Amino acid sequence: MHLQTFVSRIAALALVAASLAACTTTSLNVPRPGPTATPPVQKPAAMFVRPATGATLARFDGVRNKGLDIAGNLGDPIVASADGRVVYVGGELPAYGNMIIVKHNETYLTAYAHLQTILVKENQVVRQGEKIGEMGRSNTDRVKLRFEIRKNGTAVNPEPYLNGLLQQ
């Protein structure tokens with residue numbers, strides 16, 4: 001082999017060795033990140049809870065029905081849909097029979113109508129899920145609860161508030 005060829009090969013090997021020395025190596029024992037699991041989509045917490053467990057008899061239409069009519073049996077429990085203060089207990093509104101109105105904040109009120117038994121008094125503070133009355137049929141043809149949510153005094157469809165679609 002010629003001296004010039006030998007020197008060229010030595011120089012090339014030195015260059016390759018220097019290049020390899022400059023490279024950083026990765027340990028093969030380090031676990032590689034696998035596919036990440038997507039966390040389940042969590043449904044937002046509902047602002048209000050359903051005040052009775054029965055089936056829905058009639059839905060909000062904004063004209064004839066300003067809330068939900070919920071079926072039940074005489075004496076079934078009615079619970080506060082959210083924390084608040086009882087601002088009305090009575091039966092002076094014939095279309096609603098025996099009724100409770102709870103004020104939750106400056107924006108929202110809930111109304112519970114056609115009750116057989118009322119277990120709270122005006123100005124009483126109630127907590128979400130607390131039993132406030134029992135289902136009845138005052139001034140109606142069957143046992144049911146008429147449940148309404150009022151936002152700034154206007155009746156709104158309760159269902160989006162009960163299933164977590166609307167928060168405010």
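A residue is called buried when its relative accessible area is under 20%, exposed when that area is over 50%, and partly exposed in between (1.4 Å probe, protein chains only). The model shown is predicted; local features need pLDDT of at least 70, side-chain atom pairs count only at pLDDT 80 or more, and totals for chains, interfaces and linings use all residues. Residues are numbered from 1 along each chain as its sequence is written, and side-chain values use heavy atoms, with hydrogens and water left out.

**View 1. Ser138 in the loop between β9 and β10.** With a relative accessible area of 15%, Ser138 is buried. A polar atom of the Ser138 side chain lies 2.8 Å from the backbone nitrogen of Asn98. This is a polar contact (a pair of N or O atoms within 3.5 Å; within protein, one must be able to donate a hydrogen and the other to accept it, and residues adjacent in sequence count only if both atoms are side-chain atoms). Apart from neighbours within four places in sequence, Ser138 is in contact (heavy atoms within 4.5 Å) with Tyr96, Gly97, Asn98, His114 and Leu115.

**View 2. The open sheet of 3 strands, in the order β3-β9-β7.** Strands are DSSP runs of E with at least two residues, helices are runs of H or I with at least four, and both are numbered from the N terminus. Two strands pair if DSSP finds at least two bridges between them. Strand β9 (residues 131–135) pairs in the antiparallel sense over 3 bridges with β3 (residues 77–79), and likewise over 3 bridges with β7 (residues 115–118). Opposite Lys131 of β9 stands Val79; Gly133 of β9 has Ile78 opposite and is also the bridge partner of Ile118. Strand β9 is largely enclosed by the rest of the structure, because 4 of its 5 residues are buried.

**View 3. The largest nonpolar core, with 25 residues.** A nonpolar core is a set of buried Ala, Val, Leu, Ile, Met, Phe, Trp, Tyr and Cys residues joined through side-chain atoms within 4.5 Å. Phe48, Ile78, Ile100, Tyr112, Ile132 and Leu145 have the most contacts inside this core. Elements that give it two or more residues include β2 (68–71), β9, β10 (144–151) and α2 (159–162). Strand β10 provides the largest share, 3 residues. A second, separate core of 6 residues includes Tyr88, Met99, Ile101 and Ala111.

**View 4. Contacts of Ile78.** Leaving aside neighbours within four places in sequence, the residues in contact with Ile78 include Pro51, Ala52, Tyr112, Ile132 and Leu145.
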